[in-house]
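Biologist: I have a new model on my screen and would like to read it step by step. Can you take my questions one at a time?

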Amino acid sequence: MVIKESAEMYLETILVLSKKGTVRSIDIAKEMNFSRPSVSIALHNLEKEVYISIEEGQTIKLLPKGLDIAKTIYERHTVLTEFLEQLGVKTSIASSDACKIEHDISPESFKAIKKLVKKNKEAK
């Protein structure tokens with residue numbers, strides 16, 4: 001299944017915010033620095049595609065399909081950030097660059113990087 005990068009970003013953001021508690025559209029807008037109307041449109045599109053549900057009280061929940069994608073993107077982000085940090089890149093830059101790479105990297109390349117990151121961690 002192919003999903004747009006922007007949708008992946010929303011799903012990842014919802015996952016990260018959900019670790020802190022309840023997620024509402026205003027929380028997403030603040031986190032992503034987007035306008036509330038833009039977030040509202042995106043969330044309704046995600047709901048229509050069954051990636052999320054918008055519950056009573058405007059609480060946003062990831063549905064299984066959305067959760068799978070969010071977890072995948074988040075794992076890519078964390079592994080790529082760690083990889084770049086292992087190369088000596090400053091954390092803030094590594095995280096920003098990982099965010100750009102996480103959407104386009106092939107599964108084969110990601111698997112190789114993940115293996116290398118794990119090996120480097122174990123060698124410490």
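What follows is a short exchange about this predicted model.

Biologist: Let us begin with the whole chain. How many helices and strands does the protein have?
Modeller: Walk along from the N terminus, and the elements run α-α-α-β-β-α-α-α. The strands therefore sit between two runs of helices. The count comes to six helices and two strands.

Biologist: What box do the C-alpha atoms fill?
Modeller: The box is taken along the principal axes. Its sides are roughly 50 × 30 × 20 Å.

Biologist: What percentage of the residues count as buried?
Modeller: Buried means under 20% relative accessible area. The protein has 124 residues. The accessible surface comes to about 7,900 Å², and 54% of that belongs to carbon and sulfur atoms. The buried share of the residues is 37%.

Biologist: Take the contacts between residues at least 6 apart in sequence. What percentage join residues at least 24 apart?
Modeller: Contact here means heavy atoms within 4.5 Å. Among the contacts you describe, the share that joins residues at least 24 apart is 54%.

Biologist: Now helix H1, residues 5-18. Why is H1 described as largely enclosed by the rest of the structure?
Modeller: H1 has 14 residues and reaches 20 Å from its first C-alpha to its last, close to the 20 Å expected. Its buried residues include Ala-7, Met-9, Tyr-10, Leu-11 and Leu-17, and also Glu-8 and Glu-12. They pack against H2, H3, E1, E2, H4 and H5. H1 is largely enclosed because its buried residues number 10 of the 14.

Biologist: On to H2 and H3. At what angle do their axes cross?
Modeller: Two packed helices are described by the angle between their axes and the distance between the axes. H2 covers residues 25-32, and H3 covers residues 36-48. Their axes come within 9 Å. The crossing is right-handed, and the angle is roughly 115 degrees.

Biologist: Which residues of H3 meet H2?
Modeller: On the H2 side, the residues are Ser-25, Ile-26, Ile-28 and Ala-29. The residues of this contact divide into five nonpolar, one polar and one charged. On the H3 side, they are Arg-36, Val-39 and Leu-43.

Biologist: Next is H4, residues 64-86. Which elements are among those that cover its buried residues?
Modeller: H4 has 23 residues and reaches 33 Å from its first C-alpha to its last, close to the 33 Å expected at 1.5 Å a residue. Its buried residues include Gly-66, Ile-69, Ala-70, Ile-73, Phe-83 and Leu-84, with Arg-76 and His-77 also among them. The cover includes H1, E2, H5 and H6.

Biologist: Which residue with a positive phi follows H4?
Modeller: Its phi is near 100 degrees. The residue is a glycine, Gly-88.

Biologist: Val-50 has a positive phi although it is not a glycine. Is Val-50 buried or partly exposed?
Modeller: Phi of Val-50 is about 65 degrees. Val-50 sits in the loop between H3 and E1. Its relative accessible area is 46%. Buried needs under 20% and exposed needs over 50%, so Val-50 is partly exposed.

Biologist: And Gln-58, buried or exposed?
Modeller: Gln-58 lies in the loop between E1 and E2. Its phi is also positive, near 65 degrees. The cut-off for exposed is over 50%. Because its relative accessibility is 51%, Gln-58 counts as exposed.

Biologist: Back in H4, look at Glu-82. Leaving aside neighbours within four places in sequence, which residues are in contact with Glu-82?
Modeller: Glu-82 is partly exposed, with a relative accessible area of 22%. Its C-alpha is 24 Å from that of Lys-4, 78 residues apart along the chain. The residues in contact with Glu-82 are Val-117 and Lys-121.

Biologist: Last, Lys-121 in H6. How far apart in space are Lys-121 and Gln-86, C-alpha to C-alpha?
Modeller: At 48% relative accessibility, Lys-121 counts as partly exposed. Beyond its neighbours within four places in sequence, Lys-121 is in contact with Glu-82 and Gln-86. Lys-121 and Gln-86 are 35 residues apart in sequence. In space, their C-alpha atoms are apart by 9.2 Å.

Note on methods. Residues are numbered from 1 along each chain as its sequence is written. This is a predicted model: local features need pLDDT of at least 70, side-chain atom pairs count only at pLDDT 80 or more; totals for chains, interfaces and linings use all residues. Side-chain values use heavy atoms; hydrogens and water are left out. Axes are lines fitted to C-alpha atoms, for helices over the stretch in contact, and angles run from 0 to 180 degrees between N-to-C directions. Helices (H or I, at least four residues) and strands (E, at least two) are DSSP runs, numbered from the N terminus. A crossing is left-handed if the near helix is turned anticlockwise from the far one by less than a right angle, and right-handed if clockwise. Ala, Val, Leu, Ile, Met, Phe, Trp, Tyr, Cys and Pro count as nonpolar, Asp, Glu, Lys and Arg as charged, and the others, Gly among them, as polar. Buried means under 20% relative accessible area, exposed over 50%, partly exposed in between (1.4 Å probe, protein chains only). Accessible areas come from the Shrake-Rupley method with a 1.4 Å probe; for residues, only the protein chains shown count as cover. The expected span of a helix is 1.5 Å times one less than its number of residues.
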